[in-house]
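I set out to look up strand pairing and aromatic contacts. My entries follow.

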Amino acid sequence: MAEIYAVINQKGGVAKSTTAQILGNAIRHKGHSVLFIDLDPQGNLTYGMGIDTPDAGIYEVLTKRKRALDTITTTEQGDVLASTPSLTMIEHELQNELGKEYRLKEALDTLSARYDYIIIDTPPSLSTLSINALTSANKVIIPTQTDIYSIQGLAQLSQTIETVRKYTNDALEVAGILITRYDKRTILTQQLTEMLENTASMINSKVFDARIREAIAVKEAQAMRDDLLTYAPKANVTADYLAFIDELGIK
Ligand SMILES: Nc1ncnc2c1ncn2[C@@H]1O[C@H](COP(=O)(O)OP(=O)(O)OP(=O)(O)O)[C@@H](O)[C@H]1O
Ligand SMILES: [Mg+2]
């Protein structure tokens, strides 16, 4: 059965898609099989994986128009259940459906035996899509930047995680909070550090020791639609992501 990671934060631009892609790429470099799921209508992960206009994607799966297995797009960077523009309509389409929180979980149950890992990228909102991600996942990774608004936003996210644990996924674990886009001029004051650690402990989790540095190589690899580990194997930011994956305990 696959280990399922959801990369989530309702705050925009905190490196969710970047982290989902590099995490999956790095796991593949270790020799494991990975399925990527792009739950964000913006489709950044889909684009980054080199997919232009998929015929169908996760929208068709969540609305039961297609079986998950028949909807996978295969790329050089791995298998993807892609985002398509229709995904913006999902909230409206599922609004009166009982059990709408379980649509992704039901789909992944049919695929879980085929992959070692499933990585879910999520949109910058707390919506039906994010609840589906949290309901399907075994583990959550929360990328964050170290500014006050980002850290305040984590309190709301931790409440959502508690609610999901109560109603739809009592086994949900938070692997940790990952500091991203870190640069040496970032002032991680004592107060911000304490806020981060308090939030982590509220959800029985931790802040990863690994911090992902701000690096141009990330943007370059994305512009080339390449895998960071292949594009810049020696970059500091690649080493940061590898240290993070070690902390996750992925061998
Ligand atoms: N370590 C990094 N160094 C430099 N730029 C980065 C790094 N991580 C992410 N970025 C850049 O930051 C921007 C936001 O990253 P990304 O799209 O992964 O965030 P997101 O949380 O998925 O955003 P959204 O909420 O819109 O989905 C992108 O332009 C990306 O290239
Ligand atoms: Mg994104």
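How many bridges join β1 to strand β6, and do they run parallel or antiparallel? I found 3 bridges between β1 and β6 (residues 139-144), and the two run parallel; V7 stands opposite I141 in β6. I took strands (E, at least two residues) and helices (H or I, at least four) as DSSP runs, numbered from the N terminus, and strands as paired if DSSP finds at least two bridges between them.

I note that this is a predicted model, in which local features need pLDDT of at least 70, side-chain atom pairs count only at pLDDT 80 or more, and totals for chains, interfaces and linings use all residues. Residues are numbered from 1 along each chain as its sequence is written, and side-chain values use heavy atoms, without hydrogens and water.

I next looked up β5 (residues 117-121), which 5 bridges join to β1 in parallel; I118 in β5 is the bridge partner of I4. In β1 (residues 3-7), 4 of the 5 residues are buried (under 20% relative accessible area; exposed is over 50%, partly exposed in between; 1.4 Å probe, protein chains only).

I then recorded 3 aromatic pairs (ring centres of Phe, Tyr or the six-membered ring of Trp within 6.5 Å; planes under 30 degrees apart are stacked, over 60 edge-to-face, the rest tilted). The Y5 and Y117 rings are stacked because their centres lie 6.4 Å apart with planes at 20°. Y5 in β1 and Y117 in β5 are 112 residues apart. F208 and F244 pair edge-to-face, at 5.0 Å and 80°; both are buried.

Definitions and conventions:
Chains lettered and ligands numbered in written order.
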